[in-house]
Amino acid sequence: MPSRDVTVAVLGATGAVGEQILRNLEERSFPIRELRLLASARSAGKKVRFKGKEVEVQEATPEAFEGVDIALFSAGGGVSEKFAPEAVKRGAVVIDNTNAFRMNPEVPLIVPEVNGDQISQHKGIIANPNCSTIQMVVALKPLVEHFGLERVIVSTYQAVSGSGTRAMEELADQSRAALEGKEGPRNIMPVGKLTKHYPIAFNVLPQCDVAQENGFTLEEMKMVRETNKIFGDDTIGVTATCVRVPVMRGHSESIYVELKKEFELSEVRDALRNGKGIILQDDIASQEYPMPLDVVGRDEVFVGRVRKDTIHPRGLNLWVVCDNLLKGAATNAVQIAEKVATQVGQ
Ligand code: A2P
């Protein structure tokens with residue numbers, strides 16, 4: 001714990017992730033001296049309850065970071081690019097939840113259970129990985145340690161909350177409308193800033209982000225690059241298909257891996273059971289496996305459906321589920337902030 005309480009700013013405090021960051025700071029009794037809630041001009045003056053008191057939301061400006069020790073950013077990449085340098089210039093450590101700085105070689109990309117020892121290498125900005133990457137690397141960490149990892153083939157089943165509060169409203173509105181035989185609003189899914197929008201209610205969308213030149217989406221390439229960076233190993237061959245499903249909260253992933261060493265399934269289960277931040281919930285015979293509805297509000301990564309491939313001798317299948325707003329975003333950021341707080345408080 002730090003020797004003094006710290007001043008914390010939350011940028012994007014009114015958003016889906018921002019709200020969870022506040023809940024996390026409260027529940028984990030984060031050592032806060034002053035809390036600044038920042039958002040767009042639209043939210044200025046709005047009141048948010050924190051530890052039984054009302055805190056007023058302010059418009060984000062460079063000056064709002066004056067005197068801030070730790071700033072948690074969750075307001076989109078463009079906003080981070082604009083304000084992170086301003087906050088760092090004023091002495092804050094920024095923990096950024098967007099894609100803006102993740103692949104910058106100067107910026108550590110951190111999942112505390114996996115590479116928390118690299119936090120101290122920061123030069124003012126620490127990046128929080130993509131939600132789908134976080135849950136995957138937490139699940140893969142014990143396998144990397146015990147067996148080595150050669151290949152990863154992942155397909156995601158991602159909840160709409162990953163696209164923010166308006167996306168959650170869109171799923172609810174479309175679902176209600178569809179049950180009445182009507183068409184609901186279509187403004188956000190699959191990607192807000194693109195021109196074509198498809199229904200997400202009662203549908204599955206094989207696109208979670210903008211297209212890249214190689215035919216993958218940005219979300220898919222984030223999973224590839226971020227996994228290599230977090231494990232510090234570009235030889236791990238990752239390929240991803242990212243899919244949006246009509247689930248409010250909780251991302252699921254079907255992960256196939258090829259390990260370096262041959263393994264017994266019991267050894268893999270033991271490694272996963274003892275892995276940091278993992279709950280193994282794996283007994284298909286008793287219909288025990290993780291599902292999104294069961295993990296909402298939980299900070300851990302849930303792993304089930306552990307199977308040895310029937311063809312490849314070192315092939316293994318996993319099903320990994322996690323609350324994308326918590327460990328996939330807010331909890332991971334607050335865990336990093338806790339470590340930073342012990343440094344700035346000295
Ligand atoms: P606001 O509520 O004022 O629009 P979500 O991911 O749920 O959509 O939330 C996005 C968060 O980022 C919200 O808190 C939103 O504030 C904030 N935000 C969006 N644009 C800006 C901006 N230009 N400056 C500061 N905050 C922003």
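Trainee: What stands opposite Leu-37?
Mentor: Val-57 in strand E4 stands opposite Leu-37. This is a predicted model, where local features need pLDDT of at least 70, side-chain atom pairs count only at pLDDT 80 or more, and totals for chains, interfaces and linings use all residues. Residues are numbered from 1 along each chain as its sequence is written, and side-chain values use heavy atoms, with hydrogens and water left out.

Trainee: What makes E2 and E4 a pair?
Mentor: Two strands pair if DSSP finds at least two bridges between them. Three bridges join E2 (residues 32-39) to E4 (residues 53-59), so they pair. The two strands run parallel. Strands here are DSSP runs of E, at least two residues, while helices are runs of H or I, at least four; both are numbered from the N terminus.

Trainee: In what order do the strands of the sheet lie?
Mentor: The order is E3-E4-E2-E1-E5-E6-E7, seven strands in an open sheet with mixed pairing.

Trainee: Why is one side of E3 and of E7 left without a neighbour in the sheet?
Mentor: E3 (47-50) and E7 (125-127) each have a single partner strand, so they stand at the edges. Neighbouring strands of the sheet are turned by 25 degrees against each other on average, direction ignored. Those axes are lines fitted to C-alpha atoms.

Trainee: How do you know that the span of H1 agrees with its length?
Mentor: The expected span is 1.5 Å times one less than the number of residues. H1 (residues 16-27) has 12 residues, so it should span 16 Å; its end C-alpha atoms are 17 Å apart, which agrees.

Trainee: Which residues of H1 are buried?
Mentor: Among them are Ala-16, Ile-21 and Leu-25. Buried means under 20% relative accessible area, exposed over 50%, and partly exposed in between (1.4 Å probe, protein chains only). What covers the buried residues of H1 includes strand E1 (6-11) and helix H9 (326-344).

Trainee: What follows H1?
Mentor: Ser-29 follows, with a positive phi near 50 degrees.

Trainee: Which residues of H5 are buried?
Mentor: They are Ala-167, Glu-170, Leu-171, Gln-174, Ser-175 and Ala-177.

How values were computed. Axes are lines fitted to C-alpha atoms, for helices over the stretch in contact, and angles run from 0 to 180 degrees between N-to-C directions. Contact means heavy atoms within 4.5 Å.
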